[in-house]
Amino acid sequence: MRTRWYKDAVVYQIYPRSFCDSDGDGIGDLRGIISKLDYLQELGVDAVWLSPIYASPNEDNGYDISDYRSIMPEFGTMDDFKEMVAGLHARGIRLIMDLVANHTSDEHEWFRQSRSSVDNPYRDYYIWRKGKGKNGKRPPNNWTSNFLGPAWEYDAQTQEYYLHLFARKQPDLNWDNPKVRREIADICNYWFELGVDGFRCDVITYVSKTPGLPDACDVPLRGLKYYAIGPNYHAYMHELYLNSWSKYDSMTVGEAAGVSCDDAPSCIDETREELDSIFGFEHVNFCDRFCMVIPRKLNLPKFKRVLARWQAMPKTCQPTLFLENHDQSRSLPRFVGDYGALRKEAAKSLAISMMFQRGTPYIYQGQEIGMTNCAFGDDEYRDIMSINALKAVTKYAPLCKGIVRNVLAHAARDHARTPMQWNASHGAGFTDGAPWMKINPNHTEIHVEESMRDPDGIFGFYRDLLRYRKGNDLVIEGDFVLEYPKDKRLFVYRRTLGARQLLVIANYTNRKVKFRLPAACVDQPSALVLSSYRDTAPTAGDCVLRPYEAAVYEIGKST
C-alpha cells in the first residue's frame with residue numbers, strides 16, 4: 001500500500017563524492033555516510049536522496065552508469081550499501097536513489113553490444129541513425145547537447161551516429177523499445193528489494209523523442225521541444241508505475257527540465273499514476289532563458305509569482321521546495337545578493353520563505369550550515385560542463401574567456417560539489433588525504449562543528465524548523481495566500497486551514513524595510529514560531545524589518 005509518506009517528509013540530498021571520506025583517498029564514500037547517520041538524525045530529516053553510486057567511469061561524476069546493479073568501487077561495496085540502508089531505516093530515515101535512465105555510459109555492456117554491429121540484438125537499445133550528406137558524414141539532425149556541441153557522435157565501426165543529449169560518452173537509451181522499458185522496471189525492482197524507498201529520476205522528461213527526430217530552430221538548446229515531454233512520455237511513465245513504483249510504498253520525483261507549472265499536473269496528479277512529484281526549474285532560473293549565460297539579480301516579484309502558481313496546483317499534486325542541489329550553485333549569492341556579515345540571517349530567511357510552503361522540502365548537503373560558492377582557478381573546475389566551456393572558449397573565442405569565467409564564478413555546478421565542511425581542520429573533516437576537488441577556504445569559519453555549537457547557528461535553526469513542520473497539517477495541507485505580490489523586497493504569504501493561519505514574512509534585502517500587517521491578520525492575536533533574529537517581536541504587527549529579517553507567526557494564537 002502506498003501511504004504517500006513524502007507529503008510529510010523533508011529530504012536531504014547527499015552528493016556521495018563530496019560528503020565524507022572514510023579511507024583517506026580524498027573521495028567520499030558509503031562508509032563516510034554511515035559515520036554521519038547520527039548527524040542526519042539530529043538534523044531531523046525523513047529521507048536521504050543519494051546521487052548516483054553505481055559503477056561508472058565518471059565522465060559526468062556518476063551520471064554515466066556502466067552497471068546499474070553494482071556499486072562504484074570508490075564508494076564501497078554492496079555490503080556497505082546494505083549496512084547504510086539498515087542504519088538509515090533504524091533511524092527512521094528512508095532512502096531515495098538516483099535513477100539515471102535517459103542514458104547510460106558508453107562503457108555499459110548494452111552499448112558495447114549495441115555498437116558492435118547493426119544486427120546485434122542490443123542495437124535498438126540506443127538511438128542510431130545514418131548521417132546526412134553524400135558521404136553520410138553530417139549528423140542526422142541539428143540538435144545540440146546539453147553539454148555543448150552536437151548531440152550526435154559518429155561511430156566508425158558501424159558508420160552510423162548515436163544520439164547523446166549530454167556527453168558523447170552518455171548515449172541515449174531508446175525508450176521506444178519495450179525491452180528497454182522492461183529493463184528499467186527490473187532495475188527499479190532490484191533496488192526496491194534491497195530496501196530503497198524511492199527514486200529521483202534524472203532528466204526523465206527527455207525519454208520520449210519526437211518520431212523522425214526533425215531539425216529544430218530553437219536556441220540555445222536546439223531540439224529541446226522535440227524531446228521534453230515527448231509524444232509517448234506519459235504512457236511510458238504509467239507503464240513504469242504499474243510495473244514497478246506502484247508495487248512498493250515508494251516515492252518518485254522527476255527532474256523535469258522543459259516542464260512549466262502548466263504542464264506539471266499532467267505529470268504528477270495522483271490520478272495519473274505516473275511520477276509523484278517533479279523538480280521544476282522556473283523559480284531557480286528566475287531571470288530568463290539566458291540566465292545561465294548572463295547571471296542577473298533576483299527578480300523577486302517574478303520569483304514569488306512562479307512559486308504561487310505551483311502552490312495553486314490541486315492538492316492531488318505535490319510541489320517540491322528547493323533552492324539548491326548538485327546542479328545549482330549555492331543559494332545565498334543567487335537569491336539574496338550581498339549578504340556580507342549577515343550570512344546566517346540571510347540563510348535563515350531563505351529557509352523560512354521556502355519551507356513553510358506546501359510541498360516536499362529538499363535540503364542540499366551544506367545548506368543547513370550556510371555553505372557558499374567557492375573561487376576556482378581554471379584548472380580547479382571538475383565538472384564536465386565547466387571544463388567544456390573553458391575548452392570551447394579557449395579554442396574558438398579566447399577574447400571572451402573573461403565572460404565565461406564570470407559565468408562560471410556565478411553559476412558553475414562545481415560550487416555545490418565542493419567537499420562538505422565538517423570542521424576547521426586542513427581537510428575540513430571531509431578527508432585525511434588529498435581531496436578530489438578543492439575545499440572552500442572558508443571552511444575554517446563555516447563548518448558543522450561551529451554551527452552546531454552556536455546557539456544562534458543555522459544548523460539549530462533548521463533542526464527547530466523541521467521539528468515544527470513535522471506532522472503539522474497546517475503546513476502540509478493548508479492553502480497558500482500570497483500577500484504583496486509586486487513588492488520587490490518582501491516575500492509575505494499566509495497558510496490557512498479552517499480558522500487557523502500562519503503568517504510568513506521574509507525580507508530579501510540587506511536593508512531595513514517597512515512592513516505592514518496584511519488585512520486578514522489585523523486585530524488577531526499572534527505568537528512567534530520562528531525567526532532569523534533572536535529578538536524578533538513576539539507578536540505580529542506593523543514594523544521595520546531589519547536586513548534579512550524573517551519570521552513565522554501563528555495567527556489567532558496569543559503568546
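Visitor: How many residues lie between β15 and β16 in their hairpin?

Guide: This is a predicted model, where local features need pLDDT of at least 70, side-chain atom pairs count only at pLDDT 80 or more, and totals for chains, interfaces and linings use all residues. Residues are numbered from 1 along each chain as its sequence is written, and side-chain values use heavy atoms, with hydrogens and water left out. Strands (E, at least two residues) are DSSP runs numbered from the N terminus, as are helices (H or I, at least four). In the turn, Gly 498 has a positive phi of about 65°, and the residues between β15 and β16 number 2.

Visitor: Which residue of β16 is the bridge partner of Phe 491?

Guide: Strands pair if DSSP finds at least two bridges between them. β15 (residues 490-497) and β16 run antiparallel, joined by 8 bridges. The partner of Phe 491 is Ala 506.

Visitor: Which residue of β20 is the bridge partner of Leu 503?

Guide: β16 also pairs with β20 (residues 550-555), antiparallel over 6 bridges. Across from Leu 503 is Tyr 553.

Visitor: Why is β16 largely enclosed by the rest of the structure?

Guide: Buried means under 20% relative accessible area, exposed over 50%, partly exposed in between (1.4 Å probe, protein chains only). β16 spans residues 500-507, and it is largely enclosed because its buried residues number 7 of the 8.

Visitor: Is Leu 399 buried or exposed?

Guide: Leu 399 sits in the loop between α11 (384-396) and α12 (401-411). Its relative accessibility is 87%, so Leu 399 counts as exposed.
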